[in-house]
Amino acid sequence: YTEFHGWKVGSKYKWKATDKWEDVCEYDNTDGAGEAHCNYQQKIGSSVTRGSEWAIDIGLTVTMSAGFKEVFSVNVETSIGYEWRTSASATWSAETTTSAGTTVPPRTHIIVQQAHGTYGPFQAKAKKFRSVTVDSMGRQQVIAVEG
């Protein structure tokens with residue numbers, strides 16, 4: 001019996017829980033005279049990272065225990081200031097995907113970002129988003145929004 005601890009991420013005892021804002025949509029409408037629309041796939045939930053999917057293909061079992069939320073929430077070295085303990089239960093369930101979008105005003109560049117956490121080969125995508133807009137004058141505004 002061999003226990004899988006992640007390929008290229010080392011022993012689970014050396015994993016670090018980290019988070020970041022991940023870009024999910026970007027639209028540059030700085031030259032536009034009218035509104036535009038930025039469509040994207042909104043992914044909420046937990047999954048195994050792509051680099052670890054090979055283990056499933058060759059028959060190794062990679063599972064996410066119910067304790068993932070507790071381990072991640074307690075150990076995360078947050079760089080985005082998100083309180084993962086308060087994250088909706090959907091964050092800790094199997095990842096789901098829905099279509100979403102946002103309106104981009106004229107003369108604006110927008111980036112929609114999502115709270116994304118990683119622990120070893122596992123990742124959590126929260127229903128926590130923010131938009132970063134830059135207008136044609138170079139003024140930046142960050143607005144937190146829920147999914």
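Q: How many helices and strands does the secondary structure of the protein come to?
A: In this predicted model, the secondary structure consists of 2 helices and 6 strands. Read from the N terminus, the elements follow the order β-β-α-α-β-β-β-β.

Q: How do the strands pair, for example β2 and β3?
A: Strand β2 covers residues 36-48, and it pairs with β3 in the antiparallel sense over 9 bridges.

Q: Which sense do β2 and β5 run in, and how many bridges join them?
A: Strands β2 and β5 run antiparallel and are joined by 4 bridges. Val48, for instance, has Phe122 of β5 as its bridge partner.

Q: Where do side chains point in a regular strand?
A: The side chains alternate between the two faces of the sheet.

Q: What share of the residues in the protein is buried?
A: Of the 147 residues, 37% are buried. The protein exposes about 8800 Å², and carbon and sulfur atoms supply 49% of that area.

Q: What share of the contacts with a separation of 6 or more comes from residues 24 or more positions apart?
A: Such residues account for 69% of these contacts.

Q: How is a pair of aromatic rings described?
A: The description uses the distance of the centres and the angle of the planes. In this structure the count comes to 10 aromatic pairs. Phe68 and Phe122 form one that is tilted, with 6.0 Å centre to centre and 55° between the planes. This pair links distant parts of the chain, with Phe68 in helix α2 and Phe122 in strand β5, 54 residues apart.

Q: Are Phe68 and Phe122 buried or exposed?
A: Phe68 has 7% relative accessibility and counts as buried. Phe122 also counts as buried, at 10% relative accessibility.

Q: Why is the pair of Phe72 and Trp92 called tilted?
A: The planes of the two rings stand at 50°, with the centres 6.0 Å apart, so the pair is tilted. Here too the pair links distant parts of the chain: Phe72 is in helix α2 and Trp92 in the loop between α2 and β3, 20 residues apart. Both residues are buried.

Q: Which residues do the ring pairs link into a cluster?
A: The cluster holds Trp15, Phe68, Phe72, Tyr82, Trp84, Trp92, Tyr119 and Phe122.

Q: What makes a salt bridge, and how many does a search of the whole structure find?
A: The test is whether a side-chain nitrogen of Lys or Arg lies within 4 Å of a carboxyl oxygen of Asp or Glu. The search finds 3 salt bridges. In one of them, Glu95 and Lys125 have their closest N and O atoms 3.8 Å apart. Glu95 lies in the loop between α2 (68-75) and β3 (96-104), while Lys125 lies in strand β5 (residues 122-135), so the pair ties together parts that are 30 residues apart in sequence. Glu95 counts as partly exposed at 27% relative accessibility, whereas Lys125 is buried, with a relative accessible area of 10%.

Definitions and conventions: Residues numbered from 1 in each chain as written. Predicted model: local features only at pLDDT ≥ 70, side-chain atom pairs only at ≥ 80, totals over all residues. Heavy atoms only, no water. Buried < 20%, exposed > 50% of the residue type's maximum accessible area, 1.4 Å probe, protein only. Pairing = 2+ DSSP bridges. Contact = heavy atoms within 4.5 Å. Areas by Shrake-Rupley, 256 points an atom, 1.4 Å probe, with all protein chains shown as cover. Phe/Tyr/Trp six-rings, centres within 6.5 Å; stacked < 30°, edge-to-face > 60°.
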